[in-house]
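Thanks for coming, everyone. I have one structure to walk you through today. Take a look at it first, and then we will go from the overall fold to the details.

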Amino acid sequence: MQVYLGIDVGSVSTNVAVLRQEGSVVDSLYIRTRGKPIEAVQTGLQEIKQRLGDAEVLGVGTTGSGRYLTGMVVGADSIKNEITAHAIAAMHIVPDVRTVLEIGGQDSKLIIIRNGIVTDFAMNTVCAAGTGSFLDQQASRLNIPISQFGELALTATAPVRIAGRCAVFAESDMIHKQQTGHSISDILQGLCQALVRNYLSNVGKGKQVTGPVVFQGGVAANKGMQRAFEDALQCPVVVPPYYNVMGAIGAALAAREELAGKGVSAFKGFTALEAAYTTRSFECSGCANLCEVIELKADEAILGRWGDRCGKWTQSALERTAAEEGEPACVFA
């Protein structure tokens with residue numbers, strides 16, 4: 001079997017998707033990053049390797065906040081931002097999609113698609129209200145398994161109004177509603193409605209949200225949130241089967257497109273995962289930008305550097321060895 005791999009490394013979860021050449025999903029994996037992206041990728045790919053057996057990997061794509069780091073580790077053929085990856089996946093699953101709602105562990109996105117092209121997008125600002133981590137926190141505080149959050153919210157008979165524009169105010173308001181005797185199900189559905197109002201007025205401000213609408217990301221598992229979106233938008237909201245790994249699916253599809261007619265993949269193979277990887281950062285003093293440069297090593301050999309605006313460290317990492325390298329000249333100096 002010949003497959004493409006997609007890896008989505010985020011702040012909360014690391015997701016891997018395995019696709020056949022025609023684009024169908026063979027397997028997927030959703031694990032917690034726990035602040036150790038390289039270890040999460042190593043663990044995830046080792047498990048995928050055991051599942052795939054002798055399958056041939058034709059290409060690899062990465063996305064997410066850890067996409068550059070992961071791309072260096074595995075030898076990615078395509079490195080795409082989250083907006084691009086989620087849009088590609090949504091259009092693959094629902095070809096006529098016009099709006100993508102994506103809520104992950106720490107951020108929220110809204111993507112507007114017209115005629116198969118991303119025409120606009122937005123992301124949440126500083127507040128994490130409505131993201132997966134906030135819902136996890138509230139479920140834990142109420143001693144409710146997060147897997148039961150949505151089902152319990154759907155049993156509400158009279159959802160209460162919760163202030164949802166701020167995570168701190170939302171939690172305080174929930175506590176107040178508990179103390180006044182409202183049922184947990186009514187509070188949970190009220191929270192879902194509040195978070196949807198916040199999403200549409202913040203992330204969706206000024207955007208024309210029209211159907212078909214696809215809801216993806218880890219929070220799409222919450223049926224209470226799906227219902228709240230449908231009530232607010234007055235249209236059906238589609239949750240795809242692989243809603244929680246759509247970024248990884250999009251990354252795999254991007255790798256397939258990147259390699260079309262170009263031959264051999266840059267994938268280093270599963271044995272490359274056995275190396276000891278270390279990272280460090282340093283501040284470049286070559287000019288007033290004071291760029292923070294990230295450096296990745298495998299068994300003490302420099303794999304790559306990134307984060308500099310002028311490219312001096314990026315280029316030097318490609319052209320020189322660690323032993324030879326001094327500080328290169330800054331383009332902006």
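Helices here are DSSP runs of H or I with at least four residues, strands are runs of E with at least two, and both are numbered from the N terminus. By that count, the protein has 10 helices and 13 strands. The radius of gyration is 22 Å, close to the 20 Å that the globule rule gives for 333 residues, so the protein is as compact as a globular protein of that length. That radius is taken over C-alpha atoms, and the rule is 2.2 Å times the number of residues to the power 0.38.

A word on the source. This is a predicted model, where local features need pLDDT of at least 70 and side-chain atom pairs count only at pLDDT 80 or more, while totals for chains, interfaces and linings use all residues. Residues are numbered from 1 along each chain as its sequence is written, and side-chain values use heavy atoms, with hydrogens and water left out.

Back to the fold. Along the principal axes, the C-alpha atoms fill a box of roughly 70 × 50 × 40 Å. Of the 333 residues, 50% count as buried. Buried means under 20% relative accessible area, exposed means over 50%, and partly exposed is in between, using a 1.4 Å probe and protein chains only.

Now the largest pocket. A pocket is an open set of points on a 1 Å grid over the protein atoms alone, where a 1.4 Å probe fits, with protein on both sides within 12 Å along at least five of seven lines; lining residues have an atom within 4 Å of a point. How many residues line the largest pocket? There are 38, and Tyr-30, Gly-104, Gly-105, Gly-218 and Val-219 lie nearest its centre. Elements that each supply at least two lining residues include β2 (13-20), β3 (25-32) and α9 (246-259). The largest share, 5 residues, comes from α5.

On to the backbone. Gly-211 and Pro-212 are joined by a cis peptide bond, with omega about 0°. Pro-212 sits in the loop between α7 (184-202) and β9 (213-216).

Two residues other than glycine have positive phi. Arg-34 has phi near 55°, and Asn-115 about 55°. Arg-34 is in the loop between β3 and α1 (37-52). Asn-115 lies in the loop between β7 (108-114) and β8 (117-123). Buried or exposed, what is Arg-34? Arg-34 is exposed, at 68% relative accessibility. Asn-115 is exposed too, with a relative accessible area of 78%.
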